[in-house]
Amino acid sequence: MSNDNNHAKRNRPHFSNHALPNDARRKIDNRHFAHLNLRARAIELLEQVYHGQSLNQILPQAIENTPAKDKGLLNELVMGTLRHWFALDTQIKPMLSKPLTDTRVHIALLLGLYQLLQTRIPAHAAISETVEAIKQLKLDKASGLVNALLRRASRELDSMQAQFEANHALPAWLYKQLKKDWPQQANHIAQNLRHAAPVTLRINSREGKRDDYLVELKDWDIDAGACKLSDDGIELRQSASIVELPGYHQGWFSVQDEHAQLCAQFSGDLNGKRVLDACAAPGGKTAHLLEKNKPALLVAIDYDEKRLSRVHENLERLQLDGAHVQVITADAATWQPDAQLDDAELDHVQFDHILLDAPCTATGVIRRHPDIRLLRQQSDVQQTAQLQAQLLDHLWQQLKLGGTLLYVTCSILKQENHQQIAAFLKRTANAQLVPLELEALQQNTSVLDLQPNIIEGQAVIGLQLLPQQQGGDGFYFAKLLKTA
Ligand SMILES: C[S@@+](CC[C@H](N)C(=O)[O-])C[C@H]1O[C@@H](n2cnc3c(N)ncnc32)[C@H](O)[C@@H]1O
């Protein structure tokens with residue numbers, strides 16, 4: 001296994017928000033953290049995100065270091081404040097007579113107001129715990145201000161609530177772009193992105209049938225139902241500990257968004273084929289392809305070695321690894337198959353099918369990763385679109401004549417989706433679109449707004465699915481055939 005990801009790292013869009021020089025960015029000190037109350041812990045975490053840190057890299061450890069009885073609340077306070085950050089800020093700003101000098105005081109106000117507006121925590125407890133947090137963070141001077149503003153807010157909640165709920169809660173640049181891309185759906189999308197995403201399972205069709213597993217769940221008194229669009233999807237209608245569900249350790253299912261599951265459906269029959277999964281980590285879609293097919297060869301590459309180790313873990317848990325599966329650390333924008341594949345006979349191999357689940361702004365999955373609201377910047381869109389174009393052009397060379405490439409993003413921005421593919425088709429004479437059809441989508445009018453192309457009657461280039469409150473995330477798919 002070789003690592004040629006330096007080039008990729010140079011090209012990778014650098015997502016940061018209020019990035020500070022390293023010495024100005026305070027790291028979370030675990031010993032200090034353990035002595036803080038829950039609100040102070042939340043403020044510390046939110047401050048890190050504000051300065052450009054991804055939540056994935058700090059929240060799991062913080063939750064691990066928090067007593068069991070408080071883990072759920074810490075998660076809720078951090079995720080909830082991020083989810084509503086910009087709507088909370090709109091309420092707080094007019095209450096301030098002068099700008100705040102410390103970010104943590106600002107965050108404490110957002111966190112305090114979040115509790116007042118969105119949780120059942122009694123107002124007196126929300127306010128006193130938040131004020132105590134400010135003191136624990138050695139910001140005593142600001143405790144009077146935080147106390148006074150949160151008390152005022154608690155008296156004005158009724159008038160605030162309507163305005164708060166009507167707010168789009170997105171960074172201004174993103175809301176503006178959504179309005180431009182999806183004028184009719186933008187407000188609906190913004191509201192859907194404020195809710196927590198449903199938990200969806202993907203049944204491992206090698207291990208059993210979806211209907212049988214639904215019966216099993218019913219026997220366990222777990223409320224669940226079949227997804228509308230994904231053949232393998234199960235929607236959990238109640239909270240449950242995933243690892244305690246029947247068959248988790250035996251690999252009977254995985255957790256995966258319903259729209260993400262459509263990748264394998266759209267890829268078609270891959271039995272006996274040579275398949276490249278070009279941006280594979282952590283391997284959700286790789287595993288799904290292998291559950292549904294027995295390809296002659298499946299090569300999964302990603303330039304992030306750490307994330308790639310999760311592909312190995314996933315394939316092992318689901319018992320999908322084998323000699324026909326190769327996992328390689330590489331930059332998909334430059335990778336040449338003959339350089340790395342184990343089997344010498346496969347020199348100059350071209351693939352029958354390539355899945356390009358491209359790096360993107362992830363604007364379609366903001367409800368699962370609410371830190372994206374703060375981390376993503378407008379300039380990232382252009383940078384990401386350039387990388388996607390580079391990946392498309394290079395991977396097209398690895399596809400054999402008559403082969404197909406499925407381009408996927410979890411973005412809802414046209415520049416990464418329709419416009420990206422329209423531009424690719426224009427500059428690539430031997431590429432032709434393959435129509436993607438979802439029978440369930442045509443039959444079920446209640447999910448028609450998933451697919452704005454149908455409503456608007458525009459020329460259809462690929463399939464855009466928008467985030468649904470009780471359904472899947474925002475995803476885009478385009479399938480391309482190599483004709484010459
Ligand atoms: C959307 S995620 C893939 C998710 C994955 N397909 C799954 O279903 O679990 C995009 C992936 O692209 C990888 N990536 C970004 N740029 C890359 C490049 N130039 N070469 C290879 N991988 C890249 C990232 O490390 C990330 O893991």
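Predicted model: local features only at pLDDT ≥ 70, side-chain atom pairs only at ≥ 80, totals over all residues.
Author: A polar contact is a pair of N or O atoms within 3.5 Å.

Reader: Which backbone atom lies 3.0 Å from a nitrogen atom of the ligand?

Author: A polar backbone atom of C279 lies at that distance from a ligand nitrogen. Side chains take part as well: an N or O atom in the side chain of D357 is 2.7 Å from a nitrogen atom of the ligand. A polar side-chain atom of K285, in turn, is found 3.1 Å from a ligand oxygen.

Reader: How much of the ligand's accessible area does the protein cover?

Author: On its own the ligand has 600 Å² of accessible area, and the protein covers 90% of this.

Reader: How many residues surround the ligand, and which are the closest?

Author: The ligand is surrounded by 20 residues, and the closest are D302, R307, D331, A332 and D357. By class, the shell consists of 12 nonpolar, 2 polar and 6 charged residues.

Reader: At what angle do the axes of α7 and α8 cross?

Author: They cross at roughly 165°, and the axes of α7 and helix α8 (residues 123–136) come within 9 Å. The two helices are therefore roughly antiparallel to each other. As α7 passes α8, the crossing is right-handed.

Reader: Let us turn to the backbone. Which residues does a cis peptide bond join?

Author: The bond joins A281 and P282, with omega at about 5°. P282 belongs to the loop between β5 (274–277) and α15 (284–292).

Reader: Which residue has a positive phi although it is not a glycine?

Author: That residue is D221, whose phi is about 60°. The loop between α13 (210–219) and β2 (224–226) contains D221.

Conventions
Residues numbered from 1 in each chain as written. Heavy atoms only, no water. Near = heavy atom within 4 Å. Polar contact = N/O pair within 3.5 Å; in protein donor to acceptor, adjacent residues only side chain to side chain. Areas by Shrake-Rupley, 256 points an atom, 1.4 Å probe, with all protein chains shown as cover. Nonpolar A, V, L, I, M, F, W, Y, C, P; charged D, E, K, R; others polar. Axes fitted to C-alpha atoms, helices over the stretch in contact; angles between N-to-C directions. Helix = DSSP H or I, 4+ residues; strand = E, 2+ residues; numbered from the N terminus. Parallel < 35°, antiparallel > 145°, perpendicular 65-115°, else oblique. Left-handed = near helix turned anticlockwise from the far one by under 90°.
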